[in-house]
Amino acid sequence: MAEIHAPQATRARALPTEWWRSAVIYQIYPRSFADSNGDGIGDLGGVRAHLDHLEALGVDAVWFNPWYASPQADAGYDVADYRAIDPVFGTLAEAEELIREAHERGIRIIVDVVPNHSSTASPWFLEALRIGPGSASRDLFCFRAGRGEDGELPPNEWQSIFGGPAWTRTSNPDGSPGEWYLHLFAAEQPDLNWENPKVREEFEDVLRFWFDRSADGIRIDSAALLMKDPALTDFDHTDPPFPHPYTDRDEVHAVYRSWRAIADSYPEPRALIGEVWLPDADRFAAYLRPDELHTAFNFAFLGCPWEPDALRQVIDETLAVHAPVGAPPTWVLSNHDVPRHVTRYGRADTSFNLEYRQLGAPTDRTLGLRRARAAILLTLALPGSAYLYQGEELGLEEVEDIPEALRQDPMFLRTQGENLGRDGCRVPVPWSGQEPPFGFSPPDAREPWLPQPPAWRDRTVAAQTGDPDSMLELYRRALACRRGEPALGDGPFTWLPAPESVLAFSRGPQGRFVCVVNLSDRATELPMAGTVLLSSGPLDGTQLPPDTAAWVSNC
């Protein structure tokens with residue numbers, strides 16, 4: 001059973017009307033993708049210059065982290081104006097041209113929307129501060145009087161997800177101490193009041209603004225956060241509720257039903273994709289009812305340890321949750337908020353959750369890379385859609401030795417360095433050359449906004465292109481094979497008998513396509529006959545080595 005390398009395609013495949021059910025979606029963190037003007041920060045010109053890379057990779061769509069006008073207190077997630085592009089990234093005209101150029105290559109575009117909060121630089125918030133307590137402007141946010149004799153204490157004990165209190169006190173127009181405003185994230189990100197109809201109308205108009213400019217979908221940040229406990233109830237810190245301090249009341253679902261109606265009103269289908277951090281399967285699935293979100297991120301799979309029983313359980317639970325509501329599952333290994341999976345998979349404990357980042361824990365890159373190669377074949381063979389985070393196709397690891405003076409994540413800043421934050425997975429992409437900035441910026445540019453490790457000279461796109469053993473060429477072959485294999489994407493899935501610590505499943509009619517992943521510590525015989533289409537590492541005849549995956553055709 002010799003390995004047959006799938007041919008490299010030059011265009012994304014033609015997907016059905018509900019394209020999100022089977023799409024491979026590539027996440028771009030704009031400030032770290034490519035810098036075209038030499039200021040050390042990635043921009044839309046850099047993305048446009050590298051659309052050929054995305055086309056050659058074979059992705060179906062690209063999701064952009066926020067590119068809107070923003071003070072960049074949280075890398076753009078503090079949005080001041082959804083109808084303008086931040087000058088650090090470019091212009092609205094460039095965004096429109098990027099969408100057009102991507103469409104010419106068969107690549108769809110998804111933009112980020114952040115409904116939980118705004119920016120302290122937004123016109124709404126500035127007006128709320130100027131006019132003062134009791135105004136209609138303040139009702140667009142969550143302003144409250146403080147506790148204590150002079151209101152000197154926050155309205156309650158809620159804590160920011162980024163660390164520290166979730167409340168900041170304002171000054172009245174006359175300079176005296178004023179009300180407090182809620183911010184579940186950074187102080188520069190005031191939470192919006194979704195009980196106010198004007199907030200709902202504004203975001204509906206934002207969706208239309210980008211859909212009218214041919215955006216193909218919306219990714220919704222922190223989708224379950226919108227509605228707050230109106231009583232502002234404190235809680236037992238030894239047994240905190242989850243999610244806290246928000247609640248996914250019926251009003252949240254009403255918001256997304258209205259958004260779904262907007263998306264469905266366009267002749268070309270627009271996707272609604274949610275970031276829903278909920279541990280309860282039924283509450284998670286409620287967001288995927290036929291009249292709400294089309295898909296939601298699968299964080300259970302992302303955080304799952306590299307263990308056969310755990311992976312099989314999370315796959316089963318994912319399929320069981322999505323089947324009753326008719327929604328396609330999603331599968332993802334890394335994103336801009338979590339340590340890169342090459343690093344995670346090289347650790348003694350390969351699991352991840354938001355409270356357990358293990359930053360700085362010992363890791364074996366060689367082991368992590370081998371497992372990451374197997375993991376992408378597993379991911380792309382599962383039913384539904386898949387997400388890739390920029391740089392994972394290069395096998396980039398988490399950068400954990402960034403000097404403190406250069407770190408920029410508010411998680412790091414608000415916890416006085418106790419939490420190293422997310423900068424390590426946001427280091428700029430290496431494109432070519434032997435020294436930083438590795439083609440990220442043009443010659444004689446400023447240094448990149450975060451430093452790149454010199455060891456990345458072997459990780460660049462140029463260094464890996466044409467090397468049949470590289471991570472990049474594995475991704476290209478895997479995506480080409482997925483595009484050419486009708487059994488992959490959305491559709492039937494069946495577990496197959498396999499040796500201990502080996503996962504095997506079939507896809508498509510008569511089980512024509514099989515994925516096998518060996519998670520044991522010894523080589524194992526492939527549990528079925530057929531032609532090996534692709535493997536994550538070399539096979540010894542019909543022996544599948546440890547931490548290796550193979551795609552097999554039974555035809």
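**Strands, buried charges and cysteines in a predicted model**

Visitor: Which residue in S11 does glycine 274 stand opposite?

Guide: S10 is also joined to strand S11 (residues 295-296), by 2 bridges, and these two strands run parallel. Within S11, the residue opposite glycine 274 is alanine 296.

Visitor: Which helix makes a β-α-β unit with S10 and S11?

Guide: The two strands, S10 and S11, run parallel and are joined by 2 bridges. The unit that they make with the helix is right-handed, and the helix, which spans residues 281-286, is H7.

Visitor: Which residue in S8 does threonine 168 stand opposite?

Guide: Strand S7 and strand S8 (residues 177-182) run antiparallel and are joined by 4 bridges. In S8, the residue that stands opposite threonine 168 is tyrosine 181.

Visitor: How many residues apart in sequence are the parts that aspartate 337 and arginine 422 tie together?

Guide: Aspartate 337 and arginine 422 form a salt bridge in which the closest N and O atoms are 3.0 Å apart. Aspartate 337 lies in the loop between strand S12 (330-332) and helix H10 (341-344), whereas arginine 422 lies in the loop between helix H12 (410-414) and helix H13 (461-464), so the separation in sequence of the parts they tie together is 85 residues.

Visitor: Is arginine 426, which forms a salt bridge with aspartate 337, buried or exposed?

Guide: The closest N and O atoms of aspartate 337 and arginine 426 are 3.0 Å apart. This pair ties together parts that are 89 residues apart in sequence, because arginine 426 lies in the loop between H12 and H13 and aspartate 337 in the loop between S12 and H10. Aspartate 337 has a relative accessible area of 11%, and arginine 426, like aspartate 337, is buried.

Visitor: Which residues are linked with Asp337, Arg422 and Arg426 in a network of salt bridges?

Guide: The structure has 32 salt bridges in total. Arginine 422, at a relative accessible area of 6%, is buried. Besides Asp337, Arg422 and Arg426, the network includes Asp74 and Asp409.

Visitor: Are aspartate 521 and arginine 522 buried or exposed?

Guide: Their side chains meet in a salt bridge at 3.3 Å, N to O. The relative accessible area is 63% for aspartate 521 and 54% for arginine 522. Since the cut-off is over 50%, both aspartate 521 and arginine 522 count as exposed.

Visitor: Which residue's backbone nitrogen does the side chain of aspartate 35 reach?

Guide: Aspartate 35 sits in the loop between strand S1 (24-28) and helix H1 (44-49). This residue is buried yet has no salt bridge, the nearest side chain of opposite charge being arginine 446 at 8.4 Å. At 2.9 Å, the side chain of aspartate 35 reaches the backbone nitrogen of glycine 40.

Visitor: How many disulfides does a search of the whole structure find?

Guide: The sulfur of cysteine 425 is too far for a bond, because the closest cysteine sulfur, in cysteine 304, is 20 Å away. Cysteine 481 is in no disulfide either, with the nearest cysteine sulfur, that of cysteine 515, 11 Å away. Over the whole structure, the number of disulfides found is 0.

Visitor: What is the phi of phenylalanine 438?

Guide: Phenylalanine 438 is found in the loop between H12 and H13, and at 0% relative accessibility this residue counts as buried. Although phenylalanine 438 is a residue other than glycine, its phi is positive, near 55°.

Technical notes: Residues are numbered from 1 along each chain as its sequence is written. This is a predicted model: local features need pLDDT of at least 70, side-chain atom pairs count only at pLDDT 80 or more; totals for chains, interfaces and linings use all residues. Side-chain values use heavy atoms; hydrogens and water are left out. A disulfide is a pair of cysteine sulfur atoms within 2.5 Å. Two strands pair if DSSP finds at least two bridges between them. A crossover is right-handed if, with the strands pointing away from the viewer, the path from the first strand over the helix to the second runs clockwise. Buried means under 20% relative accessible area, exposed over 50%, partly exposed in between (1.4 Å probe, protein chains only). Lys and Arg count as positive and Asp and Glu as negative; His and the chain ends are not counted. A salt bridge is a side-chain nitrogen of Lys or Arg within 4 Å of a carboxyl oxygen of Asp or Glu. A polar contact is a pair of N or O atoms within 3.5 Å; within protein, one must be able to donate a hydrogen and the other to accept it, and residues adjacent in sequence count only if both atoms are side-chain atoms.
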